[in-house]
Amino acid sequence: TAAQNKTAVQAAIASMTRPGKLILPDGIFNLSPDIDLGNYVIGLEGGGKYATQLLVSGGTKVFYSNSAPIEYFSFEKIGLFATSTAYGLYAATMNHSLVKDCLLTGFQASALYIGGYSNDIVGNDIFSNQGSGITLTGNVTLVIYGGTSTSGGTLTAIATITITTAGLTGVLQIDSEDIVEAAEVAGLLPAGFKSLVVKATG
């Protein structure tokens with residue numbers, strides 16, 4: 001069941017010592033949300049965004065870290081399919097980390113919510129979210145290479161950009177391989193940036 005799968009994943013994370021990576025098997029699995037990453041685990045990795053499919057319903061966050069900064073973390077090759085769930089990966093402070101080759105869809109608030117600095121988001125499919133595709137906070141410099149934000153097949157501007165002097169030192173890059181589309185609020189929602197550079201959007 002979804003609850004049993006959550007218990008198994010949470011127990012595996014709690015038993016890990018740094019450094020370590022939790023490998024999720026291929027298959028389609030029901031999963032209850034609100035799994036605490038703490039700062040124990042270095043990585044979560046599936047067999048591919050369509051090979052490892054996690055079906056989640058309800059709850060606030062599928063995977064989250066609210067307390068100590070999570071660093072040198074990787075989240076790769078996982079498909080998250082949500083129904084009435086607010087967030088996919090929620091990291092209040094995540095530094096020097098990677099989100100790569102994942103699929104995130106159906107989230108009510110934001111598929112990715114990341115605070116911190118020096119993170120890379122590469123090659124993900126983030127679409128049909130009722131909230132934002134990606135929400136970023138706390139970075140001083142953001143560089144977007146070739147990113148697009150679309151809704152219903154029509155190109156729209158990247159929305160709701162607030163620039164302030166607050167933030168941490170670091171660079172976050174969103175690679176041209178990312179697909180962020182059909183988000184009902186914003187494809188990308190950055191806040192608290194000292195400087196913003198957007199290149200080669202189309």
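Predicted model: local features only at pLDDT ≥ 70, side-chain atom pairs only at ≥ 80, totals over all residues.

Guide: Residues are numbered from 1 along each chain as its sequence is written, and side-chain values use heavy atoms, with hydrogens and water left out.

Visitor: What percentage of the residues is buried?

Guide: Buried means under 20% relative accessible area, exposed over 50%, and partly exposed in between, with a 1.4 Å probe and protein chains only. Of the 202 residues in the protein, 49% are buried.

Visitor: Is Glu 45 buried or exposed, and why?

Guide: Glu 45 counts as buried because its relative accessibility is 16%. This residue belongs to strand β4 (residues 43-45).

Visitor: Which residues does Glu 45 touch, not counting residues up to four places away in sequence?

Guide: A contact means heavy atoms within 4.5 Å. With that exclusion, Glu 45 touches Lys 21, Leu 22, Ile 23, Leu 24, Glu 76, Lys 77 and Ile 78. Lys 77 is 32 residues from Glu 45 along the chain, yet their C-alpha atoms are separated by 5.8 Å.

Visitor: What joins the side chains of Glu 45 and Lys 21?

Guide: A polar contact is a pair of N or O atoms within 3.5 Å; within protein, one must be able to donate a hydrogen and the other to accept it, and residues adjacent in sequence count only if both atoms are side-chain atoms. Such a contact, of 2.9 Å, joins these two side chains.

Visitor: Where does Glu 76 lie?

Guide: Glu 76 lies in strand β8 (residues 74-76), and it counts as buried because its relative accessibility is 12%. Leaving aside residues up to four places away in sequence, Glu 76 touches several residues, among them Lys 21, Glu 45 and Lys 100.

Visitor: What share of the contacts in the protein with a separation of 6 or more comes from residues 24 or more positions apart?

Guide: Such residues account for 69% of those contacts.

Terms used
Helix = DSSP H or I, 4+ residues; strand = E, 2+ residues; numbered from the N terminus.
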